[in-house]
Amino acid sequence: MQRLGIVLLGCFLLTRLAVAQSEQSWGLTSFYTYEALDGRRPAWHLLHLGVQHHLSPRQTLMAEIAMHQRFNRRDAAVALEGWATLWSGSYGNVRLQYVPHARFLPRVEGYVELYQSIGVWELALSFRPRFFSGETVPTLGLAMARYEGNWYLRTRMLLTALAGHTNWTQTFRARYYWDPPLTYVDLQLGYGRGVEIVDVGPVLQAVRTYFAAVRIQRFITRAVGLSIGLSYSDDDLFIRRGVSMGLLQRW
């Protein structure tokens, strides 16, 4: 707990230093996710709290804390994430997550993604390394997207290496905006062969996977919004059915 407290304090100080000279908007996101597993396995739970600050129209910084419960164990994670416009038609996203006492999550997880517009298309390249005890699992992503009216359409291919083998997953997303960027309905589908955490240790395994998810997010007042999502996945070893509920605030 002492190490977790130090990390949280560091995240708070870093956030305060980064936004000290800014007077732009703030946002707070909290949500809870419940996933029921087949075979009388214990359910998975996720509690998440995140705060974000728009440093400028081109820069956003976020700090998060999350409590994961799986396999009758708990992992607490803290993360920092940033978005920024880089040059004409390009922007990037960087994220770093740390788990002080990892039982099933990676102790450190990074994520970086670069977006570039070419005509009506948006291309993206991402890299996600997960550092488990004794093993590193890298994932490379290649994506293509475009806007059609109020629709944002995207497909992404993920390549994940484990034990010398490369596993491939394809995802599809269709998002309809009522009031961009925060009010929308989001649909996702995916299939392929991914690398999943199947037990504490952690135990990693490449599994055939199919998944689908839908999420609706809408602000009911100028400052308060609600989010609800449903998900389904068949990950070879077990089937998961999930529901997520969230509260959003901005000021």
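Q: Before we start, what do the numbers rest on, and how are residues numbered?
A: Residues are numbered from 1 along each chain as its sequence is written, and side-chain values use heavy atoms, with hydrogens and water left out. The model is predicted: local features need pLDDT of at least 70, side-chain atom pairs count only at pLDDT 80 or more, and totals for chains, interfaces and linings use all residues.

Q: How many helices and strands does the protein have?
A: Helices (H or I, at least four residues) and strands (E, at least two) are DSSP runs, numbered from the N terminus. Here you get 1 helix and 14 strands. The radius of gyration is taken over C-alpha atoms, and the globule rule is 2.2 Å times the number of residues to the power 0.38. For this protein the radius is 18 Å, close to the 18 Å that the rule gives for 251 residues, so it is as compact as a globular protein of that length. The C-alpha trace spans about 50 × 45 × 35 Å along its principal axes.

Q: How do I read strand pairing, say for β1 and β2?
A: Two strands pair if DSSP finds at least two bridges between them. Strand β1 (residues 26-37) and β2 pair in the antiparallel sense over 10 bridges, and W26 stands opposite H53 in β2. The two strands form a hairpin with 6 residues between them. Next, β2 pairs with β3, again antiparallel, over 11 bridges, with G50 facing its bridge partner E64 in β3. A hairpin through 2 residues joins β2 to β3.

Q: And what about β6, β7 and β8?
A: Strand β6 (residues 108-118) pairs with β7 (residues 121-132) in the antiparallel sense over 9 bridges, and E109 has R130 in β7 as its bridge partner. Then β7 pairs with β8 (residues 135-148), also antiparallel, over 12 bridges; there F127 has L140 as its partner.

Q: Where are cis peptide bonds found?
A: One runs from P180 to P181, with omega near 5 degrees, and P181 lies in the loop between β10 (165-179) and β11 (183-199). Another runs from G201 to P202, with omega near 0 degrees, and P202 is in the loop between β11 and β12 (203-219).

Q: How many aromatic pairs are there?
A: Rings of Phe, Tyr and Trp (its six-membered ring) pair if their centres lie within 6.5 Å; planes under 30 degrees apart count as stacked, over 60 as edge-to-face and the rest as tilted. A search of the whole structure finds 12 such pairs. In one of them, W44 and F71 have ring centres 5.5 Å apart and planes at 70 degrees, so the pair is edge-to-face. W44 lies in strand β2 (residues 44-56) and F71 in the loop between β3 (59-70) and β4 (73-87), so the pair ties together parts 27 residues apart in sequence. Ring pairs link W44, F71, F104 and F238 into a cluster.

Q: What does I197 touch?
A: Contact means heavy atoms within 4.5 Å. Leaving out residues up to four places away in sequence, I197 touches residues including W44, F71, F104 and F238.
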